[in-house]
Amino acid sequence: MVDLAKNPAPIPLLVDGALRAAETPDTLPVVEPATGRTLALAPRGGEREVDLAVRAAARAFPAWRETPVPERVQVLFRYKTILEREHQALAASVSRENGKLLEDARNEVRRGIEVVDFACGMPTLAQGRTVEGISRGVDAHTWRVPLGVVAGICPFNFPAMIPLWMFPIAIAAGNTFVLKPSERTPLTGLRLAELMLEAGLPPGVLNVVHGAREAVDALLDHPLVRAVSFVGSEGVARHVYARAAASGKRVQAMAGAKNHLLVLPDADLDLTVNAIMGSAFGAAGQRCLAGSVLVPVGDAAGPLLERVAKGARATKVGDPFAQDSAMGPVIREDARARVRRYIEQGVREGAALVVDGREAPGAADGYFIGPTLFDGVSPESALAREEIFGPLLATVRAGTVEEAVALANRSRFGNAASIFTTSGRAAAYFRRNVEAGMVGVNVGVAAPMAFFPFAGWKSSFFGDLHATGEDAVRFYTETRAVIERW
Ligand code: NAD
């Protein structure tokens with residue numbers, strides 16, 4: 001961690017294998033959500049910083065592309081060992097700058113390491129196909145070739161995992177990379193990149209710039225950037241998708257969500273309550289896979305709401321490093337104010353406020369707000385339709401599983417949806433008909449491991465090829481068809 005008292009200088013960029021100061025004097029504070037304390041200052045980079053980093057990546061590309069893929073992945077095998085060594089320190093860095101519980105941060109780093117495991121398979125993953133004798137004396141092949149310079153733009157909510165969704169796969173595939181972590185959580189991303197240098201990555205293959213809108217727009221407009229991976233909110237994702245595509249770049253933009261949790265009367269109640277608590281209130285609801293609309297079907301509502309309410313009231317909100325905390329703060333005061341506004345709106349609209357998170361005690365200076373549960377929310381209400389990105393669970397009751405699925409499908413988002421049931425028939429109906437790319441059956445957070453794509457639909461994703469899995473290998477490579485006659 002940067003000690004601001006001893007070192008008030010802004011955190012550095014990483015360009016061409018070296019840490020260096022940004023040219024801009026403008027900075028953004030990196031604030032610890034649990035205390036409100038400024039941990040560090042991040043430079044508010046723009047065109048100048050982005051150009052330095054992109055040019056470094058472009059210079060490094062020809063030699064990296066010529067490096068045989070089994071040699072490229074040796075760097076990642078060493079990186080994996082280093083990440084295991086640094087697991088605890090990286091988790092602490094995530095908890096400090098993001099506010100999630102240390103245990104959640106450990107799991108996040110583990111998910112990120114799994115992407116490195118996946119990327120180590122690039123000599124197999126990047127294989128093309130061959131047809132010998134496609135015509136008389138003619139053979140045909142496809143190759144997967146790298147694109148060049150790729151940019152990665154990240155959100156605050158997974159400071160380790162989301163950068164790791166991106167650069168290990170892109171780099172293993174032979175690209176060079178410019179990472180822009182969230183300006184609210186830039187410390188972990190910078191550290192992850194430094195550790196790649198320790199693993200032996202040549203200078204310029206991975207670069208880091210800091211900043212907000214100006215840095216993003218400079219990456220989207222830079223003519224040497226061939227592709228953009230983005231993860232963040234819906235409005236910004238739409239902007240990134242349109243602006244990067246306008247200059248001919250390949251884009252994948254993972255966006256916001258409003259995930260529904262359906263519970264049938266035959267569900268295993270213990271398993272279900274546990275999963276719902278984790279889904280709605282884990283990481284203070286700041287996950288794109290967080291359940292935010294609870295849909296009890298038929299008689300399921302009574303015992304379910306009673307148990308969820310009891311769990312929500314008993315949730316200890318506090319210091320993410322304390323053993324007995326069950327939930328940390330949200331990221332900033334504006335995020336807490338947003339949750340409060342939705343609570344006020346729900347009350348105004350006449351929904352039943354079963355558990356009021358505004359009453360939860362939390363450390364005074366952090367951005368704490370407790371788990372909140374509403375019942376009787378109208379499907380038309382903003383509480384049921386908009387991404388709140390905080391620990392607020394809105395209950396909308398349904399009469400049948402068909403009605404519940406239709407309700408979920410009215411959402412413009414399509415990231416994830418889960419059903420809790422012991423009925424194979426109901427689960428099959430749900431899997432087949434719900435309009436979401438990640439579907440959980442008796443699972444509250446339907447997070448695909450790195451070997452599968454992170455498959456959001458509708459307004460949760462703009463692009464064609466998703467993050468991680470085979471989609472990511474295809475996203476970070478171009479297909480070359482080779483036809484030879486001898
Ligand atoms: P955000 O959109 O505020 O920021 C994401 C990135 O965009 C940051 O790097 C930021 O600097 C940049 N940015 C912000 N405003 C910009 C603007 N006007 N123009 C250009 N760039 C801009 O998102 P966040 O608050 O950091 O993250 C939370 C959001 O991310 C939620 O909506 C969540 O659902 C979403 N998310 C989605 C996924 C997914 O896979 N679908 C995963 C994680 C998070």
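1. Overall size. With 486 residues, a compact globule would have a radius of gyration near 23 Å, and the chain agrees, because its own value is 23 Å. The radius is taken over C-alpha atoms, and the globule rule is 2.2 Å times the number of residues to the power 0.38. Along its principal axes, the C-alpha trace spans about 70 × 65 × 40 Å.

2. What kind of model this is. This is a predicted model: local features need pLDDT of at least 70, side-chain atom pairs count only at pLDDT 80 or more, and totals for chains, interfaces and linings use all residues. Residues are numbered from 1 along each chain as its sequence is written, and side-chain values use heavy atoms, with hydrogens and water left out.

3. Buried residues make up 58% of the 486 residues. Buried means under 20% relative accessible area, exposed means over 50%, and partly exposed lies in between (1.4 Å probe, protein chains only). The chain exposes about 19,200 Å², and carbon and sulfur atoms supply 52% of that area. Accessible areas come from the Shrake-Rupley method with a 1.4 Å probe; for residues, only the protein chains shown count as cover.

4. Contacts along the chain. Take contacts between residues at least 6 apart in sequence: 73% of them join residues at least 24 apart. Contact means heavy atoms within 4.5 Å.

5. Helices and strands. The chain has 16 helices and 22 strands. Both are DSSP runs, numbered from the N terminus: helices are H or I with at least four residues, strands are E with at least two.

6. The sheet of 7 strands. This open sheet has the order β14-β15-β16-β13-β12-β18-β19, and its pairing is mixed. β14 (352-355) and β19 (438-441) stand at the edges with a single partner strand each, so one side of each has no neighbour in the sheet. Neighbouring strands are turned by 20 degrees against each other on average, direction ignored. Two strands pair if DSSP finds at least two bridges between them. Strands of a sheet pair through backbone hydrogen bonds, either parallel or antiparallel.

7. Next, β15 and β16 pair in the parallel sense over 3 bridges. Phenylalanine 374 has alanine 394 in β16 as its bridge partner. Then β13 (residues 291-296) runs parallel to β16 (residues 392-395), with 2 bridges between them. Valine 293 also stands opposite alanine 394 in β16.

8. A helix on the sheet. Helix α11 (residues 301-314) packs on this sheet, touching β12 (259-263), β13, β14, β15 (372-375) and β16. The direction of α11 makes about 55 degrees with that of β14. Axes are lines fitted to C-alpha atoms, for helices over the stretch in contact, and angles run from 0 to 180 degrees between N-to-C directions. Look at the side chains of β15 too: Thr372 and Phe374 point one way, Leu373 and Asp375 the other, and all are buried.

9. The sheet of 3 strands. Here the order is β5-β6-β22, in an open sheet with antiparallel pairing. β5 (130-135) and β22 (477-485) are the edge strands, each with a single partner, so one side of each is left without a neighbour in the sheet. The twist averages 30 degrees from one strand to the next. β6 (residues 138-146) is joined to β22 by 9 bridges. Tryptophan 143 stands opposite arginine 480 in β22.

10. Salt bridges. A salt bridge is a side-chain nitrogen of Lys or Arg within 4 Å of a carboxyl oxygen of Asp or Glu. By this rule the count is 34. In one of them, glutamate 198 meets arginine 85, with the closest N and O atoms 2.8 Å apart. This pair links distant parts of the chain: glutamate 198 lies in helix α7 (residues 186-198) and arginine 85 in helix α2 (residues 69-85), 113 residues apart. Glutamate 198 is partly exposed at 44% relative accessibility, and arginine 85 is partly exposed at 48%. Both belong to a salt-bridge network of Arg85, Glu86, Arg191, Glu194 and Glu198.

11. Two further pairs. Lysine 180 forms a salt bridge with glutamate 183, the closest N and O atoms being 3.4 Å apart. Lysine 180 is buried, at 2% relative accessible area, whereas glutamate 183 is partly exposed at 24%. Arginine 243 and aspartate 221 also form a salt bridge, with a closest N to O distance of 2.6 Å.
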